[in-house]
Amino acid sequence: MATALPRSTHRRVLVTGGAGFVGSHLCERLLERGDEVLCLDNFYTGSRHNVAHLIGNTRFELLRHDITFPLYVEVDQIYNMACPASPVHYQHDPVQTTKTSVIGAINMLGLAKRLRIPVLQASTSEVYGDPAIHPQQEEYWGNVNPIGTRSCYDEGKRCAETLFFDYYRQHNLSIKVARIFNTYGPRMHPNDGRVVSNFIVQALRGHDISIYGDGTQTRSFCYVSDLVTGLMALMDSGPEVTGPINIGNPGEFTMLQLAQEVIALTGSGSMIAYEALPSDDPRQRQPDITRARDQLDWTPTIALRDGLTKTIAYFAALV
């Protein structure tokens with residue numbers, strides 16, 4: 001009689017969008033912890049370069065796949081990170097962006113339901129839209145334009161949250177929903193249109209730094225390693241912790257302050273150039289992370305100046 005092979009003692013973790021900016025850092029950290037990682041990406045915005053250093057690890061597997069199509073694998077946890085996250089990318093093909101958020105969520109929830117495993121949804125602060133309260137608490141329902149140019153992302157993520165909680169209520173599925181605020185760090189795409197990468201690339205090239213609007217609109221910037229720590233803490237929390245939970249750095253900065261900091265750290269001679277504010281661009285963004293502190297014992301630790309220094313070094317090597 002054949003002897004059954006012993007089951008691996010490592011967790012087998014599926015990370016969709018695993019070759020993306022945040023996903024690649026998450027894959028790296030899970031491997032460091034000793035997990036087996038199945039990194040799934042369709043490479044629309046992700047890059048093999050982001051995970052090239054992981055290819056030789058025997059506990060790492062890279063699979064090209066689009067989550068708008070069903071997936072049949074055997075894993076113990078799912079981090080659903082797949083979706084273009086910058087306006088340049090998600091507005092390029094808005095229909096596909098909505099499909100990724102909605103159909104992708106259905107497929108990952110279906111997989112988690114079949115396997116009876118926990119699944120984490122990478123949601124976004126954009127579910128709050130242009131908020132009427134400040135800072136943003138998880139109880140706030142948001143102020144979102146359902147038919148604007150950003151709606152494919154904002155409403156797609158809102159619908160994904162709806163699906164996650166319906167699966168939780170209807171099928172008793174173990175879910176985790178993280179609302180991710182502005183995140184930055186190495187492996188950001190240099191042309192993704194996000195403010196930190198824009199400012200750094202422009203400063204390194206000596207170009208004018210483009211500020212949309214008058215520069216008084218605010219964002220809160222979380223360094224990627226802090227974000228990954230928060231996501232893993234949420235996944236590893238008890239079944240009673242479903243979220244949604246804000247994961248972000250509550251330090252709030254105006255766009256003008258960020259531009260001045262980048263100019264100072266790069267030693268650039270760039271000037272500030274003011275341009276028209278894009279449609280539906282939120283005026284304020286700051287997370288209330290009380291729930292993350294209380295339920296996950298998580299707070300960010302990387303100050304903006306320190307995180308920018310590391311990010312500038314990464315972009316300097318590219319530019």
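This briefing walks through a pocket, a pair of packed helices and a few backbone details. The model is predicted, so to speak of local features a pLDDT of at least 70 is needed, side-chain atom pairs count only at pLDDT 80 or more, and totals for chains, interfaces and linings use all residues. Residues are numbered from 1 along each chain as its sequence is written, and side-chain values use heavy atoms, leaving out hydrogens and water.

**The second largest pocket**

- The second largest pocket holds about 180 Å³ of space; on a 1 Å grid over the protein atoms alone, a pocket is an open set of points where a 1.4 Å probe fits, with protein on both sides within 12 Å along at least five of seven lines. Its volume is the space filled by probe spheres set on the points, which are joined across faces, edges and corners.
- Lining residues have an atom within 4 Å of a point, and here they are R12, V13, E36, V37, L38, T58, R59, F60, E61, E74 and V75.
- The elements giving two or more residues to this lining are β1 (12-16), β2 (36-41) and β3 (60-64); strands are DSSP runs of E with at least two residues, and helices are runs of H or I with at least four, numbered from the N terminus.
- β2 gives the most to the lining, with three residues.
- Sorted by class, the lining has five nonpolar, one polar and five charged residues. Nonpolar covers Ala, Val, Leu, Ile, Met, Phe, Trp, Tyr, Cys and Pro, charged covers Asp, Glu, Lys and Arg, and polar covers the others, Gly among them.

**Two packed helices**

- Helix α6 (residues 195-205) and helix α8 (residues 255-266) pack at an angle of about 40°, and their axes are 10 Å apart. Axes are lines fitted to C-alpha atoms over the stretch in contact, with angles from 0 to 180 degrees between N-to-C directions.
- That angle makes α6 oblique to α8 (under 35 degrees is roughly parallel, over 145 roughly antiparallel, 65 to 115 roughly perpendicular, and the rest oblique).
- On α6, the contact (heavy atoms within 4.5 Å) is made by V195, V196, F199, I200, A203 and L204, and on α8 by M255, L258, A259, V262 and T266.
- By class, this contact has 10 nonpolar, one polar and no charged residues.

**Backbone details**

- The peptide bond from H134 to P135 is cis, with omega near -5°, and P135 sits in the loop between β5 (119-124) and α5 (151-171).
- Another cis peptide bond joins G243 and P244, with omega about 0°; P244 is in the loop between α7 (224-235) and β11 (245-247).
- R187 is not a glycine, yet it has a positive phi of about 85°; R187 lies in the loop between β7 (183-184) and α6.
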